[in-house]
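Trainee: I would like to go through this structure with you, one question at a time. Where do we start?

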Amino acid sequence: MYAQMVKSTGQPVKTLDEMDPLERAFQERINANEMIEPKDFMPDSYRQTLIRQISQHANSEIVGQLPEGNWITRAPTLERKAILLAKVQDEAGHGLYLYCAAETLGISREEMSQKLVDGKARYSSIFNYPTLTWADIGAVGWLVDGAAIINQVPLQRCSYGPYSRAMVRICKEESFHQRQGYAMLQTLCTGTDEQKAMVQDAVNRWWWPSIMMFGPPDQESVHSAQSEAWKIKLYSNDELRQKFVNQCVPQADHLGISLPDPDLKWNEETGNYDFGEINWDEFYSVLQGNGPCNNERLGARRKAWEDGRWFRDGLAAHQAKQDDAARKMPKVA
């Protein structure tokens, strides 16, 4: 998911008998698959978990523009420039939808953005890796957006209404991004030997970070149980990761490339592909700010935040002027 390591209560999930009457009524609505809306009662821990998850998701969409935006001026044709520009624009829109959804929980967009530039809020670890060649743009579309889709489609059925509804349009656009990235790799793989080698190199570098996107293994994901009980999260990290691997293997075969995992093989008993051990030390190191591009990504966001301050101040001054004029208008009897 674009939101990783989202903290909930950190406590064992309560039974209905352990809940107070308001909590019990809330959980019974969740259990009955009723949608929770902004003005409905919700436990503060549910609200805070959603704020952390949705804001982290929004931050990821915004920061996620940077690795691909870096290639807009270097795309090989005018058509490719237009496609990539449209995709980056979509990602900006996704961030705005999600910030709006989070605002319904009582946090402002300014506060969320400030936490991001201050380094107090996370975004997905995947965006701290560099896009070194044009083939990386296709690999990001196929693998990164592909992993995002597997994570995000269930969120269309999550328990919080504004988040669920925002995800409907986001998933449609992300699905298009994934197909566009894969089609780009198909074009490169049917080109020259050098182009196909470039694809293989990009996939070698993006494969493992992509399967880390689903977050830590279930036994280490201490906050997942509560999120699943609240139906913020519908499937476990390992379930989603396995689905992603199963999807990618035949797609890689079709491209005529290999995935960089010597342990990858079909398991007749489980009906899934077995895969090798993930380097979780790398995952946690990148999350802690030690990835190849952590400083570059945060630096770009800080610069954009400061460069746009004059515009935000102007909007606030204009709104204050409008509010003052409305207060001074004579009231109609």
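Mentor: We start with a definition: angles under 35 degrees count as roughly parallel, over 145 as roughly antiparallel, 65 to 115 as roughly perpendicular and the rest as oblique. The model is predicted: local features need pLDDT of at least 70, side-chain atom pairs count only at pLDDT 80 or more, and totals for chains, interfaces and linings use all residues. Residues are numbered from 1 along each chain as its sequence is written, and side-chain values use heavy atoms, with hydrogens and water left out.

Trainee: Are α2 and α4 roughly parallel or roughly antiparallel to each other?

Mentor: Helices here are DSSP runs of H or I with at least four residues, numbered from the N terminus. Axes are lines fitted to C-alpha atoms over the stretch in contact, and angles run from 0 to 180 degrees between N-to-C directions. Helix α2 (residues 44–63) and helix α4 (residues 78–103) pack at about 160 degrees, their axes 8 Å apart. The two helices are therefore roughly antiparallel.

Trainee: How do the residues of the contact of α2 with α4 divide?

Mentor: Contact means heavy atoms within 4.5 Å. On the α2 side the residues include I54, A58 and I62, and on the α4 side they include A92, L98 and Y99. Ala, Val, Leu, Ile, Met, Phe, Trp, Tyr, Cys and Pro count as nonpolar, Asp, Glu, Lys and Arg as charged, and the others, Gly among them, as polar. The division is eight nonpolar, five polar and two charged.

Trainee: Is α4 oblique or roughly parallel to α6?

Mentor: Helix α6 covers residues 134–152, and its axis lies 13 Å from that of α4. The angle between the two is about 40 degrees. That makes α4 oblique to α6.

Trainee: How do the residues of the contact of α4 with α6 divide?

Mentor: From α4, the contact uses R80, L84, K87 and E91. From α6 come W134, I137, V140, G141 and D145. The division is four nonpolar, one polar and four charged.

Trainee: Is N33 buried or exposed?

Mentor: N33 is found in the loop between α1 (21–31) and α2, and its phi is near 65 degrees, a positive value in a residue other than glycine. Most residues other than glycine have a negative phi. Buried means under 20% relative accessible area, exposed over 50% and partly exposed in between, with a 1.4 Å probe and protein chains only. At 60% relative accessibility, N33 is exposed.

Trainee: What is the relative accessible area of K231?

Mentor: K231 sits in the loop between α9 (224–229) and α10 (237–255). K231 is not a glycine, yet its phi is positive, about 60 degrees. K231 is partly exposed, with a relative accessible area of 22%.

Trainee: How many disulfides does a search of the whole structure find?

Mentor: A disulfide is a pair of cysteine sulfur atoms within 2.5 Å. For the sulfur of C189, the closest cysteine sulfur is in C248, 14 Å away, which is too far for a bond. C189 is buried at 12% relative accessibility, and C293 is buried at 4%. The number of disulfides found is zero.

Trainee: Leaving aside its neighbours within four places in sequence, which residues is D90 in contact with?

Mentor: D90 lies in helix α4 and is partly exposed, at 24% relative accessible area. D90 and E174 are 84 residues apart in sequence but 8.7 Å apart in space, C-alpha to C-alpha. With those neighbours left aside, the contacts of D90 are E173 and H177.
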